[in-house]
Amino acid sequence: MSNLPRPSARRAASRASGPGAPAAPPPAPEAEPSGGVIAVTRALQVLEAFALGESSLSLAELSRRCALHKTTVLRLARTLAQSGFMVQREDGDWRLGPAAGWLGARYQAGFDVQNVLEPALRELTLATGESAAFYVREGDVRTCLVRVEGPQALRHHARMGEGLPLDKGSPGRVILAFSGEPGKAYEEIRKKGYHWSIGEREQGVATVSAPVFGMHWRLMGSVCISGPASRLPAEKLETLAQTVMAAATQLSYALAGNSAAPAQNPVRATRWHP
């Protein structure tokens with residue numbers, strides 16, 4: 001038996017596709033099982049392929065890092081370039097565009113980096129003689145949002161924007177503790193209001209950190225000082241912890257829009273929110 005449609009069905013189909021027929025709805029964007037849009041996910045893969053310190057990448061390298069075909073990467077890069085998120089150099093390689101930088105600037109502006117964070121970290125560096133940084137939680141990692149280098153020739157260098165583990169190093173452990181992480185160790189951090197560590201994430205590096213809050217006791221992140229363990233033994237870290245907590249408290253009130261100094265350090269389990 002023939003599978004061809006009957007003449008009446010063919011005529012109906014012809015009328016439906018004629019000049020006066022309504023336009024067919026556009027196909028839905030290809031979606032991932034998680035509910036995301038594949039094209040957006042792939043575009044973000046291309047942007048995230050650049051490592052810190054890399055000024056440009058070839059199409060072949062972008063393709064390799066993203067595990068996508070060259071033609072797909074090229075199409076994504078050209079689309080991103082239309083909005084300024086990528087730029088193609090004269091030699092054919094690709095680099096991040098100015099729009100990507102503006103995104104970072106807007107992200108930092110959400111924490112009032114220039115007016116509040118940088119001046120506070122600068123004061124903390126002057127008071128302790130060590131480098132100071134402010135860390136925030138991004139999912140399951142912490143990143144350095146802003147950093148002020150200390151005056152010492154020998155100092156610890158942290159890369160801004162690099163994802164670091166939350167459970168290694170005092171900045172991450174403080175964030176976990178004041179996000180309500182269970183366990184005796186985190187209960188102790190909440191009780192003291194600070195935490196120091198030596199060589200926990202990086203050998204030879206010592207840090208001491210305290211939590212920073214915003215409005216309604218919302219945990220914003222942690223402020224820390226860092227330096228070589230040879231210069232910052234446990235006794236010194238315990239002494240500097242009071243200075244770090246005082247800076248964190250002042251910073252908390254500044255971010256919350258209140259410059260008045262609190263009567264005591266804010267030590268409360270809470271949940272981080274950007």
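Predicted model: local features only at pLDDT ≥ 70, side-chain atom pairs only at ≥ 80, totals over all residues.
Local features here need pLDDT of at least 70 and side-chain atom pairs count only at pLDDT 80 or more, while totals for chains, interfaces and linings use all residues. Residues are numbered from 1 along each chain as its sequence is written, and side-chain values use heavy atoms, with hydrogens and water left out.

**View 1. An open sheet built from six strands.** Reading across, the order is β5-β4-β3-β8-β7-β6, with antiparallel pairing. At the edges sit β5 (164–165) and β6 (195–198), each of which pairs on one side only. Helices and strands are DSSP runs numbered from the N terminus (H or I, at least four residues, for helices; E, at least two, for strands). Two strands pair if DSSP finds at least two bridges between them.

**View 2. Strands β3 and β4, side by side.** Residues 131–138 make up β3 and residues 141–148 make up β4; the two run antiparallel and are joined by seven bridges. To get your bearings, find Ala-132, which stands opposite Val-148 in β4.

**View 3. Two helices and the sheet.** Helix α7 (residues 170–177) packs on the sheet and touches β3, β4, β6, β7 (205–213) and β8 (219–228). Contact here means heavy atoms within 4.5 Å. The direction of α7 makes about 30° with that of β7. Then there's helix α9 (residues 234–255), lying across β3, β6, β7 and β8 and running at about 25° to β7. For these angles, axes are lines fitted to C-alpha atoms (for helices, over the stretch in contact), and values run from 0 to 180 degrees between N-to-C directions.

**View 4. A few of the salt bridges.** A search of the whole structure turns up nine of them, each being a side-chain nitrogen of Lys or Arg within 4 Å of a carboxyl oxygen of Asp or Glu. One links Glu-61 with Arg-65, whose closest N and O atoms are 2.7 Å apart. These two are separated by about one helical turn, because they are four residues apart in helix α3 (residues 59–66). Another joins the side chains of Arg-89 and Asp-91 (2.6 Å, N to O). Arg-89 counts as partly exposed at 33% relative accessibility; buried means under 20% relative accessible area, exposed over 50%, and partly exposed in between (1.4 Å probe, protein chains only). Glu-149 and Arg-147 also meet through their side chains (3.2 Å, N to O). Here Glu-149 is partly exposed at 33%, whereas Arg-147 is buried at 12%. Finally, salt bridges that share partners tie Glu-61, Arg-64 and Arg-65 into one network.
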